[in-house]
Amino acid sequence: MDLTSYQKEFQQYLDKKEWIREPKNLYEPINYIIQLSGKRIRPILTLMAADILSNDYKKAFPAALAVEVFHNFTLVHDDIMDDAPLRRGKKTVHEKWDLNRGILSGDAMLILAYQYFESYPPTVFQKLAVLFSKTALEVCDGQQLDIDFETRNDVTIEEYINMIRLKTSVLVAAALKMGAIVAESSEKNADSLYEYGINLGLAFQLQDDYLDTFGNPETFGKQIGGDIIENKKTYLYLKAMELSDAHDRQKLEFFYKQKLEDNSIKIDEVKRIFEQCDIPTLIQKLIHEYTETAFDLLKNMNISELNRQKLKDFGSFLMAANISWALALACVFCASDALTPKPINI
């Protein structure tokens, strides 16, 4: 079964859900953010893991739904914290309604996510709930660290890696492990899949950081230099601060305190310093290391070579640097067919 099929099956399951009930003022915003769609990658990972480990993806639907609802809960609250006006080209929940409804509807989504586990037997429910609670708290930890880093000038690379692990990787890893738990696979398989997700998530975020500055604007899908404009202390900035001379460090510190109308000079000068310190090469090396670590973990799993290759193909295309993320994600599992991207709408 390929990614397109998992996506279609999950969307059909999602469409059968009745989101709006009384009081409508609480549930209408939930229906709105869920229907805004998105890649649905996390719930698809849950279905894929369950399918690989038990040949039955359908029993993972409630767990996959919990992952998707939780992810969208974080988006609602992130948008409030960022005072963001738009999400996926549409008004954010707190803009369409108001701040109070955004907060309360988000809270309800978190509770709903837990309720979806109730359809499983007690032993499975307990494992899912323990993992989910741990993951939810870690995501909050990562979000707070990200906020803290905005005003800190002493952030280390180790701290940054830990922050993106918490903010990005743990939910990817948990989505995979939930599929393993639902499949009632061995702890060894579940833990290996989790660590695979952690390392792949780190590689993904670091690749995103790299492409934000050095990507092709026609394929990246976002504005190039956005992190520089927003003064985000990514790996590129932190490594450059470590390796650059005193003059360039002063320049970086100066530019990363500015909010400008025209950022062209700022972007060009920061990129020059990054390139002078060989940051593009260093971050690509780190990305490769995390990706290879993820692939090595698959060797520990008691699965067929075909399924091992499916997981590896997923990682390979996820990390493809010469195509956009949307296209890369859409190409999963096409590698074994013809090594030619076959885009789908996700």
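Predicted model: local features only at pLDDT ≥ 70, side-chain atom pairs only at ≥ 80, totals over all residues.
Student: What makes the protein as compact as a globular protein of its length?

Tutor: The protein has 18 helices and two strands. Its radius of gyration is 21 Å, close to the 20 Å that the globule rule gives for 346 residues, so the protein counts as being as compact as a globular protein of that length. Along the principal axes, the C-alpha atoms fill a box of roughly 60 × 50 × 35 Å.

Student: How much of the protein is buried, and what share of the contacts with a separation of 6 or more comes from residues 24 or more positions apart?

Tutor: Of the 346 residues, 55% count as buried, and residues 24 or more positions apart account for 68% of the contacts with a separation of 6 or more. The accessible surface comes to about 16,400 Å², and 50% of that area belongs to carbon and sulfur atoms.

Student: Which residues touch the most other members of the largest nonpolar core?

Tutor: That core holds 109 residues, and I161, L193, Y196, L206, L252, F274 and L311 are the ones that touch the most other members. Helix α8, residues 157-182, supplies the largest share of the core with 16 residues. As a general background, nonpolar side chains tend to be buried together in soluble globular proteins. Taking L193 as an example, and leaving out residues up to four places away in sequence, this leucine touches A49, L53, L176, A180, M301 and L311.

Student: Why is C277 called buried, and why is C140 called partly exposed?

Tutor: The relative accessibility of C277 is 12%, and since buried means under 20%, C277 counts as buried. C140 has a relative accessible area of 45%, which falls between the limits of 20% and 50%, so C140 is partly exposed. A search of the whole structure for disulfides finds zero.

Student: Why is N72 called buried, and which residues is N72 in contact with?

Tutor: N72, which lies in helix α4 (residues 61-82), has a relative accessibility of 0%, which is under the 20% limit, and therefore N72 counts as buried. Leaving aside neighbours within four places in sequence, N72 is in contact with I33, I34, R40, R88 and M109.

Student: Why is R21 described as partly exposed, and how do you know that a polar contact joins the side chains of R21 and Y27?

Tutor: R21 sits in the loop between α1 (3-15) and α2 (24-35), and its relative accessible area of 42% lies between 20% and 50%, so the label for R21 is partly exposed. The polar contact between the side chains of R21 and Y27 is 3.2 Å, and the limit for the pair of N or O atoms is 3.5 Å. Not counting residues up to four places away in sequence, R21 touches Y27 and L112.

Student: What kind of peptide bond joins E22 and P23?

Tutor: E22 and P23 are joined by a cis peptide bond, with omega at about -5°, and P23 lies in the loop between α1 and α2.

Student: What is the phi of D83, and what is the phi of D278?

Tutor: D83 has a positive phi of about 55° although it is not a glycine, and D278 likewise has a positive phi, near 65°, in a residue other than glycine. D83 lies in the loop between α4 and β1, whereas D278 is placed in the loop between α14 (264-276) and α15 (279-297).

Student: Why is D83 called exposed, while D278 is called partly exposed?

Tutor: At 54%, the relative accessibility of D83 is over 50%, so D83 counts as exposed. For D278 the relative accessible area is 38%, which lies between 20% and 50%, and D278 is therefore partly exposed.

Student: What makes G89 an exposed residue, and how far apart are the C-alpha atoms of G89 and L36?

Tutor: G89 is found in the loop between β1 (86-87) and β2 (90-91), and because its relative accessibility of 61% is over 50%, G89 counts as exposed. The C-alpha atoms of G89 and L36 are separated by 9.1 Å, although these residues are 53 residues apart along the chain.

Student: Where does D154 lie, and what joins the side chains of D154 and R152?

Tutor: D154 lies in the loop between α7 (122-149) and α8, and a polar contact of 2.7 Å joins the side chains of D154 and R152. The C-alpha atoms of D154 and L238, which are 84 residues apart along the chain, are separated by 9.4 Å.

Note on methods
Residues numbered from 1 in each chain as written. Heavy atoms only, no water. Disulfide = S-S within 2.5 Å. Buried < 20%, exposed > 50% of the residue type's maximum accessible area, 1.4 Å probe, protein only. Helix = DSSP H or I, 4+ residues; strand = E, 2+ residues; numbered from the N terminus. Contact = heavy atoms within 4.5 Å. Polar contact = N/O pair within 3.5 Å; in protein donor to acceptor, adjacent residues only side chain to side chain. Core = buried A, V, L, I, M, F, W, Y, C linked by side-chain atoms within 4.5 Å. Rg over C-alpha atoms; globule rule 2.2 N^0.38 Å. Areas by Shrake-Rupley, 256 points an atom, 1.4 Å probe, with all protein chains shown as cover.
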